[in-house]
Amino acid sequence: METKLERISQLSRENPDMVFTSIGHLISISLLKECHKAMDGNKAVGIDGITKKDYDKDLDKNIESLVQRLKRREYKPRPARRIEIPKDNGKTRPLSIYCYEDKLVQEALKRILEAVFEPCFYDEMVGFRPNRGCHMALRKLNYMIEREKTSYILDADIKSFFNHLDHEWIMKFVESKIKDPSITRLLKRILKSGVIENFQYEATEEGSGQGSVCSPIISCIYMHYVLIWWYKEIIAPKLKGYSGLVVYADDFVVCFQYKEDAIIFYEHLKRRMRHFGLSLQEDKSRLIQFGRFAKENCERNGRKPETFTFLGFTHYCSCNKNGKFRVKRKTSRIKFNKKCKEVRQKIRSMRTNKLNDIIAKLNQILVGYYHYYGITDNGRSLSAFRYQVIRSLYYWLNKRSQKKSYTWAGFLEMIDNAYPLAKPKIYVSIYG
């Protein structure tokens, strides 16, 4: 099955104008079994309560039944179970939890959509794509600021992106490359499957539920047509100076050489977003002076250049040991405080456990944190985070009894020798 999908991908890459009219048959028993094997069995269950383990008990029969329903056009996805999860700003984000069988179908559909559309995407699109990730986006942005003629940054934020994806536009975008009715019908049914919240059914007339296996590729397709293709083919050729774009899901940054180019782009961007059912969050979208020329101008006027945040890092103008301009980054204050709060709550919940178990869990958290935030120039933030973990652990271990168990000096000696906590490490080079 991988060979067939690779062939589809090859055809799409070699024939950019090719439209696929007969690929629905690829959602077969073999593909669905591959999807089942790859699925995470520890995810939350949908409204039917069926887990991967439950589905696996009679896998052949379940898959055969599913394929027959798909062929007869009788398959109808169940509504997703919706829950609210906290955001960094104190608000909540809706998360959709789908039934296991629906996740299987979504996974199969996702693989087909990826095979067709992945070759069409530009390098500016970094998020939710194979062999790409946040650190690649940060490297790309770093290059655009340090090596190109960037003097202005447009830091834009789309308001509730996943919740406001227009279904009609999604279908039009997909149908630009896929005309197979079995695929388009299936996608439409998934989009319109609805949600259950507080035991009440709610129709989904717009958006693609976060938690859907298909949502990442759908978001890439949407951003490809709405933003990236438009920027690359229509806007960039008309600008007077240098410009560069990097996109991760709905988060994107645009670099400009000239302020007038940035202002013109921003006005056109707002209109384009509205045309496709989206809007920019004005209080979070801003145009700032940034880069080596901006740093020099600001210093001449006795002020510091502004900063901006992208993918959890606050970017600021600085210089290297030789005084040459450098972009540096540190963990954003909001992300730092949120993670510290999470760790405090975790230590509190584990405070009665054996110390070995607590340390093992904290080391797992620390190493995971270092793998993401352990990037060039961010060592100080890593050390600050580890210190906050140590402070929280000291506080809650002393709460295990009425009598104070540890002095600060004795506790630090124990952490250094008997129960070591993982020390900060830079895992990612921004220039690698």
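**Figure 1. Asn142 in helix 6 of the predicted model.** Asn142 is placed in helix 6, which covers residues 134-146. The structure shown here and in the other views is a predicted model. With a relative accessible area of 4%, Asn142 is buried, because buried means a value under 20%. If residues up to four places away in sequence are not counted, Asn142 touches Arg147, Val327, Arg329, Ile430 and Tyr431.

**Figure 2. The largest nonpolar core and Leu269.** The largest nonpolar core has 74 residues. Which of them touch the most other members? They are Ile23, Tyr222, Leu227, Phe252, Phe265 and Leu269. Helix 9 (residues 215-235) supplies the largest share of this core, with 13 residues. Leu269 is in contact with Leu154, Leu227, Trp230, Phe252 and Leu280, leaving aside its neighbours within four places in sequence. Another core, of 54 residues, lies apart from this one; Ala137, Met350, Tyr394 and Phe411 are among its members.

Figure 3. The whole structure contains 25 aromatic pairs. In one of them, the ring centres of Tyr394 and Trp408 are 5.0 Å apart and the ring planes meet at 75 degrees. This pair is edge-to-face because its angle is over 60 degrees. Tyr394 belongs to helix 14 (residues 379-397) and Trp408 to helix 15 (residues 408-417), so the pair links distant parts of the chain, 14 residues apart. Tyr394 is buried, at 12% relative accessible area, whereas Trp408 is partly exposed, at 27%. Tyr395 and Trp396 form an edge-to-face pair as well, with 5.0 Å from centre to centre and 90 degrees between the planes. Are these two residues buried or partly exposed? Tyr395 is partly exposed, with a relative accessible area of 44%, and Trp396 is buried, with 16%.

**Figure 4. An aromatic cluster.** Seven names make up this view: Phe161, Phe162, Trp169, Phe173, Tyr222, Tyr225 and Phe276 form one aromatic cluster.

**Figure 5. Lysines over tyrosine rings.** Where does Lys270 lie? Lys270 lies over the face of Tyr266, at 4.6 Å from the ring centre. Lys330 is placed over the face of Tyr316, and here the distance to the ring centre is 5.7 Å.

**Figure 6. Strand 10 and its pairing with strand 9.** Strand 9 (residues 308-310) runs antiparallel to strand 10 and is joined to it by 3 bridges. Phe310 stands opposite Phe313 of strand 10. The hairpin of strand 9 and strand 10 has 2 residues between the strands, and Leu311 takes a positive phi near 55 degrees.

**Figure 7. Strand 10 and its pairing with strand 11.** How many bridges join strand 10 to strand 11? There are 7, and the two strands run antiparallel, with strand 11 covering residues 325-331. Across this pairing, His315 is opposite Arg329 of strand 11. Arg329 is also one of the residues touched by Asn142. The hairpin of strand 10 and strand 11 has 5 residues between the strands. In its turn, Gly323 has a positive phi of about 85 degrees.

How values were computed
Residues are numbered from 1 along each chain as its sequence is written. This is a predicted model: local features need pLDDT of at least 70, side-chain atom pairs count only at pLDDT 80 or more; totals for chains, interfaces and linings use all residues. Side-chain values use heavy atoms; hydrogens and water are left out. Helices (H or I, at least four residues) and strands (E, at least two) are DSSP runs, numbered from the N terminus. Buried means under 20% relative accessible area, exposed over 50%, partly exposed in between (1.4 Å probe, protein chains only). Contact means heavy atoms within 4.5 Å. A nonpolar core is a set of buried Ala, Val, Leu, Ile, Met, Phe, Trp, Tyr and Cys residues joined through side-chain atoms within 4.5 Å. Rings of Phe, Tyr and Trp (its six-membered ring) pair if their centres lie within 6.5 Å; planes under 30 degrees apart count as stacked, over 60 as edge-to-face and the rest as tilted. A charge sits over a ring if NZ of Lys or CZ of Arg is within 6 Å of the ring centre and within 35 degrees of the ring normal. Two strands pair if DSSP finds at least two bridges between them.
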